[in-house]
Amino acid sequence: MRSRIAILITAAAMVFPVASPAASHALDDGLAQTPPMGWNPWNAFGCDITEDLIRETADAMAEKLQGAGYEYLVLDDCWMAPARGADGNLLPDPIRFSHGIKALADYVHGLGLKIGIYQDAGLLTCQRLPGSYGFYEQDAKTFAAWGIDYLKFDWCFANVDNIPYACSAVGLSIQTCLEVWPKGLGAGFNQATAYAMMRDAIAAAGRPMVFSICSWGSGDPWLWGKNTGHLWRTTPDIEANWESIVGIIDQNADLAPYAGPGGWNDPDMLEVGVGSVTPVEGRAHFSMWAMMAAPLMAGNDLRTMPDETLNILTNTEVIAVDQDPLGEQGVRILDDGDHEVWRKRLADGGRAVVLLNRGAAAAEMSVTAAQLGLGPAASYHVHDLWAGTASGVEGAITVTVEPHGAAMFRVNAA
Ligand code: GAL
């Protein structure tokens, strides 16, 4: 406990410059030209992570997912020790990551994959481990030295309102807390300025990293995120059930204009093969994340996943829609409550389309070429991305969609 208090006081004593979010450079570093793909342990394992799990997962990812485009293995919260070292450096948990993060990064790189890590803009991470506040440059240098390729940067214990709570979480009285932070984290410290500071710290550390903004949509990151990071969470945490998945779709839907190459709306990581999500729901979830040009971060146990889950995560034609170089986030064009039609324009002039049935009963659904914005043609090539079949149709697709299911097609004029 004492060492945590030492961290707090060090942070308070620092002069902490505030960067301007609008400052200088748009991110034109060539990273994340298509939505990042990878794996993250949070949805299936929470804090229960060890270097053995990560190595085994890296092996499984290389064997099963890498060929489909999955690249970043990203550690989430709880990899770090409860206190920084005497020099202020972050340390890995001495028991669960006893060989250190550099060794793990070397292992992951040896498989041809990239490695990501998690930290937090505030005083503590969401699991109350040391946050980066006061240490942005130092932590960015540590990550660069370890060989980190991707940083997920969270927003717990970062709002001024949370300071008393943060202090009590590490055992300080409110009175002591207010002595330590009489002005909280400082006027002008907000999501836009904090993430801009970490962007600059990463640039100064000299190693390219995909920068994942995780303020859960607070601070409207879609408005400033493109100059700051490569993806920004647009919603609270996803949960492994259908209601959460469709709720997240609704929150992310209207943000389509803000997404594009180099900067993506992030409706959170995949729950395919996790919790109560059925294979039908998993296919719909994966289809919709591809339509929304969302980052595809698998969240299940890759070591033991059944073929049914593997087949969803490695549907290369659905992935191609997500990764389409035009980088458009698809939009909802028809909505009668439970039944929705989504359209995404593709670089080859064609359209991806999803017929999404949110309801509890099977439904016959259809869409016309005109609704998809395709010009008149004698017929259209229609490729069913889940059935794997191709057909020619004259002007409309009609299909029965399972409850909590989706049909997905790629359509081009013949
Ligand atoms: C949340 C974040 C989750 C996960 C968790 C870890 O704030 O949205 O994705 O990272 O923290 O504590």
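How do the residues of the shell around the ligand divide into nonpolar, polar and charged? There are five nonpolar, one polar and six charged residues in that shell. Keep in mind as you go that this is a predicted model.

## Around the ligand

The ligand has Trp 42, Asp 76, Asp 77, Tyr 118, Cys 126 and Gln 127 around it, along with Lys 152, Asp 154, Cys 214, Trp 216, Arg 233 and Asp 237.

As for how covered the ligand is, the protein buries 96% of the 310 Å² that the ligand exposes when taken alone.

## Helix α11

Next up is α11, which covers residues 279-291. From first C-alpha to last, this 13-residue helix reaches 18 Å, close to the 18 Å expected at 1.5 Å a residue.

The rest of the structure largely encloses α11, because 11 of its 13 residues are buried. Among the buried ones are Val 280, Glu 281, Ala 284, His 285, Phe 286, Trp 289 and Met 291. Following the helix you'll find Ala 293, which has a positive phi, near 50 degrees.

Now hop over to the loop between β15 (396-401) and β16 (405-413), where His 404 lies. What does the side chain of His 404 make a polar contact with? Its partner is the side chain of Glu 281, at 2.7 Å, and Glu 281 is one of the buried residues in α11.

Leaving out residues up to four places away in sequence, His 404 also touches Val 280 and Ala 284, plus Trp 242, Asn 357, Arg 358 and Gly 359.

## Helix α4

One more helix to look at: α4, residues 100-110. Here Gly 100, Ile 101, Leu 104, Ala 105 and Val 108 are buried.

After α4 comes Gly 112, and its phi is positive, near 85 degrees.

How values were computed:
Residues are numbered from 1 along each chain as its sequence is written. This is a predicted model: local features need pLDDT of at least 70, side-chain atom pairs count only at pLDDT 80 or more; totals for chains, interfaces and linings use all residues. Side-chain values use heavy atoms; hydrogens and water are left out. A residue is near a molecule or strand if one of its heavy atoms lies within 4 Å of it. Accessible areas come from the Shrake-Rupley method with a 1.4 Å probe; for residues, only the protein chains shown count as cover. Ala, Val, Leu, Ile, Met, Phe, Trp, Tyr, Cys and Pro count as nonpolar, Asp, Glu, Lys and Arg as charged, and the others, Gly among them, as polar. Helices (H or I, at least four residues) and strands (E, at least two) are DSSP runs, numbered from the N terminus. The expected span of a helix is 1.5 Å times one less than its number of residues. Buried means under 20% relative accessible area, exposed over 50%, partly exposed in between (1.4 Å probe, protein chains only). A polar contact is a pair of N or O atoms within 3.5 Å; within protein, one must be able to donate a hydrogen and the other to accept it, and residues adjacent in sequence count only if both atoms are side-chain atoms. Contact means heavy atoms within 4.5 Å.
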